[in-house]
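Before reading the notes below, please look through the sequence and the fold, and keep both in view as you go. The notes begin with a sheet and then turn to a pocket, a helix and some backbone details.

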Amino acid sequence: MTVPIGNAAAHAAFLAALDSGSLHHAWLMVGPEGVGKALFAKAAARRMLAAAVDPMLPPGLDVPAGHRIASLLDAGSHPDFRMLARLAKDAEKPDGELARSITIAQVRTLQPLFATMPALSKRRVVVIDAIDDLERNAANALLKNLEEPPAGTIFLLVSHAPGKLLPTIRSRCRLLRFEAMREPEVAQALRAALPDADDAEIAVLMAAADGAPGRALRFAGLDLGAVDQAIAAIAGDGDRDNGRRTALARQLMGKAAQPRYEAFLDRVPGFIARQARIRTGHALLTALDAHVAARDLAGAARGLSLDPQATVIEMAGIVARLHDGTAMH
């Protein structure tokens, strides 16, 4: 497993605690989505479990690929490791749409594990990605384990929105903060994940990343350059006869275009935010209002399953305000 790229300060803080021998039992890894928190949690779990049976490992986070603990984790058969995440809605379609939350039933599957001592060493690790996804009853059930942690157990909890968590959960954890990554780190992460991508695709994905390569990777292979060009044309030249927005809606209609439609919903608020950063006066106010409107529409489109064609046309109309605001100014 490759050591995650970026956020060296967070990595160093955790490793210092691990090397000190006084590791806190629960870590809350917070920061923007897509900056490597879950990758780090998995790498940290691997390192802790390997170090627990092999104290002679070289310094750092890495574990040799041939190490027996690494092999067990790669095979999904390590008895002292558990990971909780949202499951597929349809168990027969594991690559399909995910459930809205991590359920209390999933949290309860940890109890038999906690009823025994760790099998291979004195340590076990539980990763939850993301703890923001726990339904309320599941969060309450987990809280009991954080308040009275089972012997030798370390919890690594990934959070994109820690303010939404129960205060009692936050208070039981040590905070490990992750930041948006720098451009060279984003490029390095994207090239590592997409070794066959050409420079043009990497450039498009870097623009989409906004410091979070994990977010951009969702857009790989979707030919978003054409979508970006359409958005930029509407913002720059307007769309007086609605022709551009109608053409864009046609491109994003249908089941096959669903991933590109989802990407469109993600990208428009970010595009408007970037426009706001380079504007002043009335044009800035127009962009700020448009950003709020685009963000709210994107949220409603997902939460309420709004008609994609109508949503694209309305969203493109919001983008067109950027041109109108500049013209007025």
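In this predicted model, five strands form an open sheet in the order E2-E3-E4-E1-E5, and their pairing is parallel. The edge strands are E2 and strand E5 (174–177), each of which pairs on one side only. Neighbouring strands of this sheet are turned by 20° against each other on average, when direction is ignored. As background, strands of a sheet pair through backbone hydrogen bonds, either parallel or antiparallel.

**Pairing within the sheet**

- Strand E3 (residues 124–129) pairs with E2 in the parallel sense over four bridges, and within E3 the bridge partner of phenylalanine 81 is valine 125.
- E3 also runs parallel to E4, to which six bridges join it, and here valine 127 stands opposite leucine 156 in E4.
- Strand E1 (residues 26–30) pairs with E4 in the parallel sense over five bridges, with valine 30 standing opposite serine 159 of E4.
- Strand E4 (residues 153–159) is mostly covered, since seven of its seven residues are buried.
- The cover of E4 extends to both faces, with Thr153, Phe155, Leu157 and Ser159 buried on one side and Ile154, Leu156 and Val158 buried on the other.

**The second largest pocket**

- The second largest pocket has a volume of about 180 Å³, and of the 11 residues that line it, the closest to its centre are Lys42, Arg46, Leu73, Phe81 and Met83.
- Helix H2 (37–53), helix H3 (68–74) and strand E2 (81–84) each supply at least two residues of this lining, and H2 gives the most, with three residues.
- By residue type, the lining of the second largest pocket divides into six nonpolar, three polar and two charged residues.

- Phenylalanine 40 lies in helix H2 and counts as buried because its relative accessible area is 0%, under the 20% cut-off.
- The C-alpha atoms of phenylalanine 40 and proline 213 are separated by 14 Å, although these residues are 173 residues apart along the chain.
- Helix H11 (residues 224–237) has 14 residues, which at 1.5 Å a residue should span 20 Å, and this agrees with its end C-alpha atoms, which are 20 Å apart.
- The buried residues of H11 are Leu224, Gly225, Val227, Ala230, Ile231, Ile234 and Ala235.
- In general, an α-helix has 3.6 residues a turn, so residues three or four places apart point the same way.

**Backbone details**

- Most residues other than glycine have a negative phi, and most peptide bonds are trans.
- Is asparagine 7 buried or exposed? Asparagine 7 is buried, because its relative accessible area of 13% is under the 20% cut-off.
- Serine 305 also is not a glycine and has a positive phi of about 50°, and it lies in the loop between helix H14 (281–303) and helix H15 (308–328).
- Serine 305 is exposed, because its relative accessible area of 62% is over the 50% cut-off.
- A cis peptide bond, with omega of about 0°, joins aspartate 129 and alanine 130, and alanine 130 lies in the loop between E3 and helix H6 (136–147).

Definitions and conventions. Residues numbered from 1 in each chain as written. Predicted model: local features only at pLDDT ≥ 70, side-chain atom pairs only at ≥ 80, totals over all residues. Heavy atoms only, no water. 1 Å grid on protein atoms, 1.4 Å probe; cavity = no way out; pocket = protein on both sides within 12 Å on 5 of 7 lines; lining within 4 Å. Points joined across faces, edges and corners; volume = space filled by probe spheres on them. Nonpolar A, V, L, I, M, F, W, Y, C, P; charged D, E, K, R; others polar. Expected span 1.5 Å × (residues − 1). Buried < 20%, exposed > 50% of the residue type's maximum accessible area, 1.4 Å probe, protein only. Pairing = 2+ DSSP bridges. Axes fitted to C-alpha atoms, helices over the stretch in contact; angles between N-to-C directions.
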